[in-house]
Amino acid sequence: MTRKGVFVARLAGWLAVMAVLMWHGGAAWAQSAPQDPAAAANAYVNAPHDWELWFPPAGSPMQAKIDWLMKYVLWIMAVVVGFVAILMAVVIFRFRARVNPKPSTTTHNTLLEVTWIVVPCLILVAIIIPSIDLIYYEADDTNPYMTVTVTGHQWYWEYKYDSVPGLDYTSYMIPDDQIKPGQIRRLSVDHPLVLPVGEKIRFVISSADVLHGFYLPSLGVQKYAIPGNTLTSWTIIRKPGTYYGQCNQICGLNHDAIPIEIKAVPLNDYIAWTKMALANYTENTVTPLLSSPMPRNQLADATR
Ligand SMILES: [Cu+2]
């Protein structure tokens, strides 16, 4: 193959890879929800996998919008970068000193100058309108079905259900040496955050010690957890399943050891769970969802 042939083949290959990646995000969304609600949370698992390069499949309308905006801006960027690259190539080859020994002395071209001001402005307008729309959409945490106060600690999460007085528990990562089949190393936790599907859930996010980050990539939630301050976010989980997140603000030695695990279940199951959890909680008995958290030093040992 000639050098030109190799170049064209490589370019075509990269373009194909880019196109596949850009549309890949929506594909995993196609799985349907299982019939048995009890098994539903475990049947669909939205977790990172090897060689994943795009966002995880969108589990909420917010993430679907983020996903769309990302692709939209990326395509605009691709066209701009492509256009500039071609222009540069033309200039470099056609107007190089050897073939163009006597440079033109032309200056100013009104049409061209107006065009290169107006077209970029239009591109910016085309980007800013959906961007601002998304910012307002994200900020609208009004009228939630429920509110969970999320507090970051070194190194675990605390979930307080504001609509279920008394329900306030901690969530620790399962140490590597205690992982059981079906659990995911460094993502599974002892007490997942249990939430209903199809309802607007508001998060009030804070920290008890240092900066943490409450980051749920598949649900479009990403907020700092700031000591002495609160930030809010919200989500609507579209279908039952298990969703994962991670602290994404470097918060100290065990920063990697505070994942977020969410079990999303149908509303009736959620209500039943809150009653069960609350009853067991007040009786102070150990249940799978509300057993006492692992001592901190034990966690530190396990993750060293
Ligand atoms: Cu952290």
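I began with His108, which counts as exposed because 6 C-beta neighbours lie inside 10 Å. My cut-offs: buried takes 20 or more other C-beta atoms within 10 Å of a residue's own, exposed 12 or fewer, partly exposed is in between, and C-beta atoms are placed from the backbone. His108 sits in the loop between H3 and H4. Its phi is near 65°, a positive value in a residue other than glycine.

Housekeeping. This is a predicted model, where local features need pLDDT of at least 70 and side-chain atom pairs count only at pLDDT 80 or more, while totals for chains, interfaces and linings use all residues. Residues are numbered from 1 along each chain as its sequence is written.

Next, the other positive phi. Arg186 also has phi near 65°, and is a residue other than glycine. I found Arg186 in the loop between strand S4 (168-171) and strand S5 (193-196). Arg186 is partly exposed, because 16 other C-beta atoms lie within 10 Å. I noted both cases since most residues other than glycine have a negative phi, and most peptide bonds are trans.

On the peptide bonds, I looked up a cis one. It joins Gln154 and Trp155, with omega about -5°. Trp155 is in the loop between strand S2 (146-153) and strand S3 (156-161).

Gln154 came up again when I checked Gly252. Leaving aside neighbours within four places in sequence, Gly252 is in contact with Gln154 and Val210; contact means C-beta atoms, placed from the backbone, within 7 Å. Gly252 lies in the loop between strand S10 (241-246) and strand S11 (259-265). With 14 other C-beta atoms within 10 Å, Gly252 is partly exposed. I also took its C-alpha to C-alpha distance to His212: 9.4 Å, at 40 residues apart in sequence.

Then the whole chain. I count six helices and eleven strands, where helices (H or I, at least four residues) and strands (E, at least two) are DSSP runs numbered from the N terminus. Of the 304 residues, 26% count as buried. Among contacts with a separation of 6 or more, 69% are between residues 24 or more positions apart.

What is in the core? The largest nonpolar core has 40 residues, and Val150, Leu195 and Phe203 have the most contacts inside it. For this, a nonpolar core is a set of buried Ala, Val, Leu, Ile, Met, Phe, Trp, Tyr and Cys residues joined through C-beta atoms within 7 Å. I followed Leu195: beyond four places in sequence, it is in contact with Ile201, Ile237, Ile262, Ala264 and Tyr270.

Back to the helices on either side of His108's loop. At what angle do H3 and H4 pack? Helix H3 (residues 61-94) and helix H4 (residues 110-139) pack at about 165°, axes 11 Å apart. Axes are lines fitted to C-alpha atoms, for helices over the stretch in contact, and angles run from 0 to 180 degrees between N-to-C directions. H3 and H4 are therefore roughly antiparallel (angle over 145 degrees).

I listed the contact too. Met62, Lys65, Ile66, Leu69, Tyr72, Val73 and Ile76 in H3 meet Ile123, Ile127, Pro130, Ser131, Leu134, Tyr137 and Glu138 in H4. These divide into eleven nonpolar, one polar and two charged. Here Ala, Val, Leu, Ile, Met, Phe, Trp, Tyr, Cys and Pro count as nonpolar, Asp, Glu, Lys and Arg as charged, and the others, Gly among them, as polar.

Last entry: Met70, in helix H3. Met70 is partly exposed, with 14 other C-beta atoms within 10 Å.

Conventions: Contact = placed C-beta atoms within 7 Å. Parallel < 35°, antiparallel > 145°, perpendicular 65-115°, else oblique.
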